[in-house]
Amino acid sequence: MERKLMVIGMLACSLLSACGNQELSSDTNVLETENVADSDANKIEIKDTPDVEQQREPFLDPFVEGKLSYTVQSCNIYITLAEANVEKDMLIEPHNTYFSQEMGEEYQTVSDFINEDGSIVDTHEFVVLEMKIENEDAVGLIKKNEFNISNIALRGGENVSQYNVAYFSEAGKTNMDQPLHYTLDQGNSLDIRIGYLVLKEDMENIVGAVSDSDVQFSINE
């Protein structure tokens with residue numbers, strides 16, 4: 001009889017222990033889920049699409065009627081504006097969206113990115129994409145042959161920041177009040193340069209993206 005009681009007692013202890021561990025595990029999972037949710041709240045997702053791994057494959061502008069394609073021909077990184085053959089007054093305030101609010105407050109104007117000698121501040125690099133645009137039969141939203149590159153951005157970093165256009169080789173040629181607009185008739189093509197001021201630490205996993213769409217594209221070799 002005593003032996004049976006001992007066995008029953010041991011089984012009861014085992015069951016209680018298992019239940020206690022299950023509740024602890026459950027509580028721990030809830031805390032982990034809440035922490036993940038909090039840390040992911042402001043992240044911009046880098047989607048794993050076929051375009052991300054394809055260098056120099058064209059992607060389409062999703063915001064126009066007809067076919068307007070962009071192809072990345074090369075990506076170059078500069079630490080001075082002189083190397084890029086760009087003057088400071090050619091730059092446009094990019095309004096980058098940093099994951100860190102403090103970072104966003106620190107870099108707000110063009111002068112925040114460029115030293116007096118024309119070099120890029122130590123934290124950033126000047127990334128320039130050489131691109132070809134081809135207009136097969138696209139129609140612009142404002143005028144038939146007028147388009148803009150304001151939605152073409154770069155995204156990168158562990159917590160993902162978005163980098164918007166800071167330089168456009170065609171700026172002011174179509175519309176002085178809209179420096180990111182360009183003109184391209186149907187059946188024609190145009191070679192352009194687009195520049196971005198990007199945090200050095202975000203370059204490891206940088207990708208191209210068309211804002212407010214699912215389109216992503218590779219910029220790396």
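**Close-ups of a predicted model**

**View A. Strand 5 is tucked inside.** In this predicted model, five of the five residues of strand 5 (residues 152-156) are buried, so the strand is largely enclosed by the rest of the structure. Have a look at which way its residues point: Ile 152, Leu 154 and Gly 156 go one way, while Ala 153 and Arg 155 go the other way. Whichever way they point, all of them are buried.

**View B. Strand 5 meets strand 10.** Here strand 5 pairs with strand 10 (residues 207-210) in the antiparallel sense, over four bridges.

**View C. A hairpin links strands 5 and 6.** Strand 5 is also joined to strand 6 (residues 161-163) by three bridges, and the two run antiparallel. Together the two strands make a hairpin with four residues between them. In the turn sits Gly 157, with a positive phi of about 105 degrees.

View D. Read the order as 1-2-3-9-7, with antiparallel pairing. Strand 1 (59-60) and strand 7 (167-168) stand at the edges with a single partner strand each, so one side of each has no neighbour in the sheet.

**View E. Strand 3 pairs with strand 9.** Now zoom in on strand 3 (residues 124-135) and strand 9 (residues 189-199), which run antiparallel and are joined by eleven bridges. A handy landmark is His 124, which stands opposite Leu 199 in strand 9.

Technical notes. Residues are numbered from 1 along each chain as its sequence is written. This is a predicted model: local features need pLDDT of at least 70, side-chain atom pairs count only at pLDDT 80 or more; totals for chains, interfaces and linings use all residues. Side-chain values use heavy atoms; hydrogens and water are left out. Buried means under 20% relative accessible area, exposed over 50%, partly exposed in between (1.4 Å probe, protein chains only). Two strands pair if DSSP finds at least two bridges between them.
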